[in-house]
Amino acid sequence: MKRVLVTGATGFVGRHTLAPLTARGYEVHAASSRARVEETDARAARVEVETTRDVRGEETTREVSWHACDLLRKGAAAELVAEVRPTHLLHMAWYAEPGKFWTADVNTEWVRASRELFDEFARRGGERVVASGTCAEYAWGHGEGICTEGETPLQPSTLYGMSKLVAYNALVSRAQSGDFSVAWGRIFFLYGPHEHPARLVSSVIRALLRGERVALTHGRQVRDFLHVEDVASAFVALLDTEVEGPVNIASGRAVTLRDLIERIADALDGRQLVDFGARPAPEGEPPVLVADVRRLREEVGWRPRYDLDEGLRRTIAWWREREGVGDDG
């Protein structure tokens, strides 16, 4: 049986990979420093059968073995892999505090921890690794802003992007001396349930639900957004193939931030609360950042479940329930 270890399993993307993994027949072992096991025993695990209900009332049941593990502690990755002995590894764990992760020194610690994880996985005879990268590995502003694997230069401008790229190179190097295959999913822009409240989509939804004004930049930036459940689904699909190397995880569809925000505002009858141009755009921000998703669609054979309007509708419904706000505001 395929046994997968998912790191960062309580994170924004990681939590959404568990149900599709079990649906594909994996024995799922979920690891997180915040995992729902006794914190006093970092190697303890228990099996949980979880039933969750989405905004449409549909139930999903999944069986997951949870492991509490702080991967930044030296030796923790070796202990975890020795305990689980996974055939597959889905490495989603990283520091992601909004506004801080771009320059945080802890990025370099995650490079070290990731190397330790990859080395131990290889030593224990693992078969396949898929890890989460970022569009910040690319040279932003190159050409027309369309990022293509193997063609667009890799020239990160942030410590976060540089650290992810170093981790990717370390993984590829380790795979060359082992018997396991490697794929690297470069995430672009995402949104959806369980998003950090300070991120763009969630912060706008929360403000409009409360009837608060929203100060934004001009909104002409062109980006590529994908619902988090689709992001997770794409990673699981990638894990379940033999596709190797970098693969963009995105919709491949360009949307301006103005269009994105106006769709949210229209759904919440809040256009009058949105102030475009009230804040300056960050210096050096690329005008266009969109993914070429031909590898994802043609080689992985994956398609998104949600278009932007449906994804936003579901996200708004989730935040309504979370904030305790009815449909009438």
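Analyst: The account begins with His-67, which is placed in strand β4, residues 59-68. The model is a predicted one. His-67 has a relative accessibility of 2%, so this residue counts as buried. The side chain of His-67 forms a polar contact of 2.9 Å with the side chain of His-29.

Ala-76 itself belongs to helix α2, which covers residues 76-84. Its relative accessibility of 1% means that Ala-76 counts as buried. From the C-alpha of Ala-76 to that of Ala-113 the distance is 8.7 Å, although 37 residues of sequence lie between the two positions.

The other cysteines can be considered here. The number of disulfides in the model is 0. Cys-147 takes part in none, and the cysteine sulfur nearest to it, which belongs to Cys-135, is 6.8 Å away. A disulfide would require the two sulfur atoms to be within 2.5 Å. Cys-147 has 2% relative accessibility and so counts as buried.

Arg-85 has a positive phi, near 50 degrees, and is a residue other than glycine. At 46% relative accessibility, Arg-85 counts as partly exposed. A second residue of this kind is Asp-269, whose phi is positive at about 50 degrees although it is not a glycine. Asp-269 lies in the loop between α7 and β15 (274-275), and its relative accessibility of 65% makes Asp-269 count as exposed.

Strand β5 contains Leu-90, a residue that counts as buried because its relative accessibility is 0%. Apart from neighbours within four places in sequence, Leu-90 is in contact with Val-4, Leu-5, Val-6, Thr-7, Thr-17, Leu-21, Val-130 and Phe-235. By contrast, 25 Å separates the C-alpha atoms of Leu-90 and Glu-151, which are 61 residues apart along the chain.

In one of them, the ring centres of Phe-101 and Tyr-160 are 4.7 Å apart and the ring planes stand at 80 degrees, so the arrangement is edge-to-face. This pair joins distant parts of the chain, since Phe-101 is in the loop between β5 (88-91) and α3 (106-123) while Tyr-160 is in helix α4 (residues 159-176), 59 residues apart. Phe-101 counts as buried at 12% relative accessibility, and Tyr-160 counts as buried at 12% relative accessibility. Ring pairs connect Phe-101 and Tyr-160 with Trp-102 and Trp-140 in a cluster.

Among the buried residues of α4 are Tyr-160, Gly-161, Leu-165, Tyr-168 and Leu-171. The buried residues of this helix pack against α3, β6 (128-134), β8 (181-187) and β13 (245-249). Over the ring of Tyr-168 sits the charged end of Arg-186, 5.3 Å from the ring centre. Another such arrangement places Arg-258 over the face of Phe-276, at 4.0 Å from the ring centre.

The account ends with helix α9, residues 308-323, whose 16 residues reach 22 Å from first C-alpha to last, close to the 22 Å expected at 1.5 Å a residue. At the start of α9, a side-chain oxygen of Asp-307 comes to within 3.3 Å of the backbone nitrogen of Asp-309. The buried residues of α9 include Leu-308, Leu-312, Ile-316, Trp-318 and Trp-319, together with Arg-314 and Arg-320. Its buried residues pack against β9 (189-191), α5 (200-209), β12 (225-227), α6 (228-239), β14 (255-256) and α7 (257-267). Just after the helix, Gly-324 adopts a positive phi of about 70 degrees.

Conventions:
Residues are numbered from 1 along each chain as its sequence is written. Side-chain values use heavy atoms; hydrogens and water are left out. Rings of Phe, Tyr and Trp (its six-membered ring) pair if their centres lie within 6.5 Å; planes under 30 degrees apart count as stacked, over 60 as edge-to-face and the rest as tilted. Helices (H or I, at least four residues) and strands (E, at least two) are DSSP runs, numbered from the N terminus. Buried means under 20% relative accessible area, exposed over 50%, partly exposed in between (1.4 Å probe, protein chains only). A charge sits over a ring if NZ of Lys or CZ of Arg is within 6 Å of the ring centre and within 35 degrees of the ring normal. The expected span of a helix is 1.5 Å times one less than its number of residues. Contact means heavy atoms within 4.5 Å. A polar contact is a pair of N or O atoms within 3.5 Å; within protein, one must be able to donate a hydrogen and the other to accept it, and residues adjacent in sequence count only if both atoms are side-chain atoms.
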